[in-house]
Amino acid sequence: VKAAVFASGTGSNFQAIMENANLPCEISLLICDKPGARVLEKAKKFGVPTFVFKPKEYTNKEEYEKLLVEKLREADVSWVFLAGYMRIVGPTLLSAYEGRIVNIHPSLLPKFPGKDAIGQAFQAGENVTGVTVHFIDEGIDTGPIIAQEPVYILADDTEESLKDRIQKVEHRLYPRVIQKIVK
Ligand code: GRF
């Protein structure tokens, strides 16, 4: 079984997926919408082929997503894992991979969707937040939840220390969910 990861940033989740010894699928493509993103160095290190594109060079989302679907089909991909891909997936990609696109989000959804979920929870003075892995639908961080894990916000936490603990949970949870759902 082949899968693709979509990432635009550091790629620590991509790395955690790649380093998992019991992954039930081969990551055969990394798709990235930010030339120069650090995840691209990581893909090179693991020998994962990449497709990098600039959304601004296309007329609209439908146009670049048609191309992405082509790339995914060429690479024989049947699952898509979003790991810090900071764009809303449109109907073109969603309908091509219905029920096979998974996202990870650093909060206990439905709380704190969207950008800077860690900062949102921290600034709201919550004492617990966490990590959610879910199937995506047309909304922002909505869609059926597959797994969640709480992370407690401690009295002496800073946003940075909280982020570190959340990311550790992400790196453990995402590969485990992939093991559970990919057949
Ligand atoms: C993660 O916190 C993930 O939950 C969110 O984007 C971040 C990506 O981090 N969707 P990284 O690039 O995997 O380090």
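## Annotated domain

UniProt positions are given here in the numbering of this structure, with shortened feature names, and annotations may be inferred rather than shown by experiment. An unreviewed UniProt entry places the feature "domain: Formyl transferase N-terminal" at residues 2-178. The structure is a predicted model, in which local features need pLDDT of at least 70, side-chain atom pairs count only at pLDDT 80 or more, and totals for chains, interfaces and linings use all residues. Residues are numbered from 1 along each chain as its sequence is written.

Residues 2-178 are 35% helix and 23% strand, and the end C-alpha atoms of the span lie 12 Å apart. Helices (H or I, at least four residues) and strands (E, at least two) are DSSP runs, numbered from the N terminus.

## The sheet

Seven strands form an open sheet of mixed pairing, in the order β3-β2-β1-β4-β5-β6-β7; two strands pair if DSSP finds at least two bridges between them. The edge strands, β3 (50-52) and β7 (145-152), each pair on one side only.

Strand β2 (residues 26-32) pairs with β3 in the parallel sense over three bridges. F51 in β3 is the bridge partner of I31.

## Surroundings of the ligand

The ligand is surrounded by 13 residues, the closest being G9, T10, S12, N13 and G84; a residue is near a molecule if its C-beta atom, placed from the backbone, lies within 6 Å of it. The elements that give two or more residues to this shell are α1 (12-18) and β5. Helix α1 gives the most, with three residues.
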